Amino acid sequence: MKSISIKEIATNVAYFLASMAILLGLWQLISVITKAEIPNPASTWIVFKELIADPFYDYGPNDKGIGIQLFSSLGRVSTGFALGSLIAIPMGLLMGSTKIGMNLLNPIVQILRPVSPLAWFPLGLLAFKASDGATIFIIAITSLWPTVINTAFGVSSIPDDHKNVGKAFGFSKWKYLTKIMLPFALPHIITGLRLSIGIAWVVIVAGEMLSGGVGIGFFVWDSWNGLSLERILVAILIIGTVGLLFDKAFNALQNAFTWEKK
Amino acid sequence: MTNIVNPNQLVDSASDFHKINSRENAIDIKNVTVSFNGSKGTFTAVKDISLEVKKGEIVALIGHSGCGKSTLMNTISGMVTPSSGEVIANGNIVKGPGPDRGIVFQNYSLLPWMSVYKNIYEAVDSVLKDKTSAEKHAVVDHYIQMVNLTPHKDKLPGQLSGGMKQRVAIARAFAINPSILLLDEPFGALDALTKGSMHIELLKLWNLDNRNKTIVMVTHDIEEAIFLADKVVVMNNGPAATIKKIVDIKLPRPRNKKDITHDPEYISVHDELLSLLFDKFSIED
């Protein structure tokens, strides 16, 4: 592992802060141009402080704290993402390891991949008779494709050198899967998961706007109905930050499982 | 797998190891031709080769780069299927790789995500199915000790030098106790000093097993071939390579690396191999 110097960290932090300053500057500019129809950062900050002062209050079905909304969304995303990955990884392994699997499944992947989550929603409602189930369904089905594709790519690019080890020493199918195929494909699988969780997090907001109930997406829609643009902007910032954290977490995971040239 | 061999049955003729000519063939290559279909048509790597290797013999395949010696050896390992002809190893027609033939690959082929210990253990676990877990671990420990890698057993291959990786690959091949060992330019990437000590290690391992293992190695190093082998197979240049000549090395064993270079037998074999491999000895100007 290479160690990161303090100077490097300081540089990265400085760049991040500069980047945020640009964002705030643009935001302020837009607010001025729209004659404060879009709230400026300062007034949003006030609302933000109010919202996070008591994030877990619960005054009935239509009035819950932002923390409850956020965690409810995170729960749905994790469930949908986990279910999607449970389908996606074996499917990718099958596609990557056999020509038949690739030829049979790839057209399905190519056709279903570009379908919008919103198009799946009615089918989800029909199948699960509940908006919560439908939301989880659309997260699963729209987020699994990057994992499928990256897993398949990882498996299909196992070098002959590694395959020959399995052949020469008579590895069983299970040993080949667990000791050669999965370890080699793991960094690729994690790349797929990283892209998939990104999609899942994008989809949740759209899903919850349709489904209603509790969740950060519902919170955005509810704030629009209550004409509180500040609350919408706060939600956007929270959504963005959580997305960033997801990405960082999977990036760290990826670095932890990269065995090459250590 | 059709030809899984019980490792305990392999060491069965220790008493007559010195009577090599009385032994059965460990490997029988019969009229083997290997052709590959490429973009520019069919390429024939080796053509109509026949070769017998007796049990317990060390045979070196020698020739210029690209002469098909690796291809020929891969027909024994089962990695390459002959286009015509057949290879018989331990009495069975070779249909694919099998644990009765241990392979040391040219580029070591260690799994980079596993420690030295795990690399050997997985092979042992896969081949020696009848042994208990404790016995398997004992085998791995034994062979790691034999190649002097005990202090490095928890390292990943990426943390090892070329010579160490080579020793891991050799330990892995020996640990599954195959009756035939196939070495593809095993010492090619090593410096002269490491190479010399690896030769001795290899012979030590061979001796420890009463010289019962048959070893086929690909090399382009004449000195290495003479020092190690009972028989040197010189190949013509490809494509469609054939055997040019089989030279017997009658030097008595154990051989001493320093002393044999003065042996008249060594000198004459060396000269013979040189002239077989190189037509011209000086640059005409």
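Modeller: Helices (H or I, at least four residues) and strands (E, at least two) are DSSP runs, numbered from the N terminus. Please keep in mind that the model is predicted.

Biologist: In which loop of chain B is Pro254(B) found?

Modeller: The peptide bond leading from Arg253(B) into Pro254(B) is cis, with omega near -5°, whereas most peptide bonds are trans. Pro254(B) is found in the loop between β10 (243-248) and α7 (264-277) of chain B.

Biologist: Is Lys129(A), with its positive phi, buried or exposed?

Modeller: Phi of Lys129(A) is near 55° although the residue is not a glycine, and Lys129(A) sits in the loop that joins α5 (117-128) to α6 (131-156) of chain A. Because Lys129(A) has 9 other C-beta atoms within 10 Å, the residue is exposed.

Biologist: Which element of chain B holds Asn31(B)?

Modeller: Asn31(B), which is not a glycine, has a positive phi of about 45°. With 12 C-beta neighbours inside 10 Å, Asn31(B) counts as exposed. The element that holds Asn31(B) is strand β1 (residues 25-38) of chain B.

Biologist: What covers the buried residues of α7(A)?

Modeller: In helix α7 (residues 160-168) of chain A, the buried residues are Val165(A), Gly166(A) and Ala168(A). Just after α7(A), Gly170(A) takes a positive phi of about 55°. The cover over those buried residues includes, from chain A, α8 (173-211) and, from chain B, α1 (69-77) and β6 (101-104).

Key. Residues numbered from 1 in each chain as written. Chains lettered and ligands numbered in written order. Predicted model: local features only at pLDDT ≥ 70, side-chain atom pairs only at ≥ 80, totals over all residues. Buried ≥ 20, exposed ≤ 12 C-beta atoms within 10 Å, placed from the backbone. Contact = placed C-beta atoms within 7 Å.
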